[in-house]
Amino acid sequence: ALPICSHAGATGSEPTRPGAAPTTEGSPEASPSSTATATTTGTTSTTMAPTTSSTLAAYALGRVPTPEQPLQVFLVGDSQAGGLSWFLGKVTEAEGLVKLDTLYKVSSGLVRQDFYDWPAVLGEEVPARSPDIVVAVFGGNDAQLIEVGDKSYWVDTPEYHQEYGRRVGEVMDLLRADGRVVIWVGLPSAKGKFGSRMKIVTDHV
């Protein structure tokens, strides 16, 4: 099983339905740390040290990273990945044992591939960057109708479960190619009906 990291977040609201532009308003992504990039695609690059020890680095590389040969980490996902990248850079930049590259797209996910096709993007970016570890942050915008062919299915239907699970598996297989380590970050907590739907999304990981 893939490691999953969870963190607390804001409450959410009703998800976007097909035909409307994806939005972050009222969702777990609509936090003060993400509103400044509400309509952008971002790429950032910084150098950081492991958050705890060199254990994960040794597991991924079979060696202890050094400033001359740092661990290559690629952080991908929705706007929460952008916020996480900033945080990781701030708290781990001193020793320079890990080089972090980040690619994020606000309001994106694995449901609305008509808005942003993550499998296609990752199919090009991951081989080109050849990271040792990929950290993935997806799901915050995925508690909405999913299109399968010419039909759409709501979050609590078997058809949604099957298709979303397939898409998650597709991305995981792509990221894990060549034996690299994948860390899939869990979703922030949310309240009410939206929180229940977000749990359904999380359960597919």
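This is a predicted model: local features need pLDDT of at least 70, side-chain atom pairs count only at pLDDT 80 or more; totals for chains, interfaces and linings use all residues.
**View 1. Helix α4 from end to end.** Just after α4 comes Asp-178, which takes a positive phi of about 65°.

**View 2. The buried side of the story for α4.** Which residues of α4 are buried? Look for Tyr-160, Glu-163, Tyr-164, Arg-167, Val-168, Val-171, Met-172 and Leu-175.

**View 3. Aromatic pairs, starting with Tyr-116 and Trp-118.** The structure holds 4 aromatic pairs. One of them joins Tyr-116 and Trp-118 edge-to-face, with 5.0 Å from centre to centre and 70° between the planes. An angle over 60 degrees is why this pair counts as edge-to-face. Tyr-116 has a relative accessible area of 16%, so it is buried. Trp-118 is buried too, with a relative accessible area of 0%.

**View 4. Two tyrosines in α4.** Here Tyr-160 and Tyr-164 make a stacked aromatic pair, 5.5 Å centre to centre with 15° between the planes. Why are these two separated by about one helical turn? They sit 4 residues apart in helix α4, which runs over residues 158–176. Both Tyr-160 and Tyr-164 are buried.

**View 5. An aromatic cluster.** Zoom out from the Tyr-116 and Trp-118 pair and you can pick out Phe-138 and Trp-184 as well: these four residues form one aromatic cluster.

Conventions: Residues are numbered from 1 along each chain as its sequence is written. Side-chain values use heavy atoms; hydrogens and water are left out. Rings of Phe, Tyr and Trp (its six-membered ring) pair if their centres lie within 6.5 Å; planes under 30 degrees apart count as stacked, over 60 as edge-to-face and the rest as tilted. Buried means under 20% relative accessible area, exposed over 50%, partly exposed in between (1.4 Å probe, protein chains only).
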